[in-house]
Amino acid sequence: MALRNIITGDDPILRKTSREVTKFDDRLHQLLDDMKETMDSVNGVGLAAVQVGALRRAIIINVDDENGHIELINPVVTERSEEIQCGQEGCLSFPGETRIVPRPMQATVEAFDRYGEPFTLTGEGLLARAICHETDHLEGQLFYDLAIEDPEEYGCDEIDEYVYVD
Ligand code: CO
């Protein structure tokens with residue numbers, strides 16, 4: 001395994017659409033292992049491959065629950081709850097910046113594991129936020145694109161206590 005540099009700031013690669021993974025091979029496993037080591041080194045709770053310069057549809061998430069590290073290859077969000085959560089969100093690619101971002105309270109994602117086996121994952125709260133933030137990265141969308149000023153407009157009476165930083 002090896003640490004990789006996390007791309008920060010206005011690097012145009014963060015705006016690019018990542019490509020579908022077609023080979024579930026050693027190279028993909030190396031990328032995922034490196035992403036895990038890199039994310040853990042900065043205590044992140046999520047990381048998209050594009051953030052280490054690989055335009056592949058691969059993300060990892062660890063919200064410190066019973067799932068541990070979750071690897072999602074070619075993830076597609078298939079369901080978003082109507083109920084919304086509002087919380088502070090940041091991004092490892094934009095250190096120190098946080099904004100209030102509304103996200104669905106619950107999200108379901110279909111993806112493949114590193115061996116190409118399909119699975120479905122439903123997350124609530126922080127996990128739902130992580131699924132949305134990381135899959136957005138694959139489309140070149142960044143958290144501050146979705147930031148809001150007034151949470152009450154979105155039916156959010158309160159802001160979640162945690163701060164999400166991928
Ligand atoms: Co991010």
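Figure 1. With a relative accessibility of 7%, phenylalanine 94 counts as buried, in a model that is predicted. Tyrosine 144, at 25% relative accessibility, counts as partly exposed. The contrast follows from the cut-off, because buried means under 20% relative accessible area. Phenylalanine 94 and tyrosine 144 form an edge-to-face aromatic pair, with 5.3 Å centre to centre and 90 degrees between the planes. Phenylalanine 94 belongs to strand S5 (residues 94–104), whereas tyrosine 144 lies in the loop between H2 and strand S8 (163–165), so the pair ties together parts that are 50 residues apart in sequence. Phe94 and Tyr144 also belong to one aromatic cluster with Phe143.

**Figure 2. The tilted pair of phenylalanine 24 and phenylalanine 112.** The structure holds four aromatic pairs. In the pair shown here, the ring centres of phenylalanine 24 and phenylalanine 112 are 6.1 Å apart and the planes stand at 55 degrees, so the pair is tilted. Distant parts of the chain are linked by this pair: phenylalanine 24 is in the segment before helix H1 (26–41) and phenylalanine 112 is in strand S6 (residues 106–112), 88 residues apart. Phenylalanine 24 counts as partly exposed at 27% relative accessibility. Phenylalanine 112 is likewise partly exposed, with a relative accessible area of 31%.

Figure 3. Cysteine 91 in strand S4 (residues 84–91) and histidine 133 in helix H2 (residues 126–138) are 42 residues apart, and the pair links distant parts of the chain. Both cysteine 91 and histidine 133 are buried.

**Figure 4. Strand S2 and its two antiparallel partners.** Strand S1 (residues 46–48) pairs with S2 in the antiparallel sense over three bridges. Within this pairing, leucine 47 stands opposite isoleucine 60 in S2. S2 also pairs in the antiparallel sense with strand S3 (residues 70–80), over four bridges. Here isoleucine 59 stands opposite leucine 72 in S3. Strand S2 (residues 58–61) is covered on both faces, with Ala58 and Ile60 on one side and Ile59 and Ile61 on the other, all of them buried.

Note on methods: Residues numbered from 1 in each chain as written. Predicted model: local features only at pLDDT ≥ 70, side-chain atom pairs only at ≥ 80, totals over all residues. Heavy atoms only, no water. Buried < 20%, exposed > 50% of the residue type's maximum accessible area, 1.4 Å probe, protein only. Pairing = 2+ DSSP bridges. Phe/Tyr/Trp six-rings, centres within 6.5 Å; stacked < 30°, edge-to-face > 60°.
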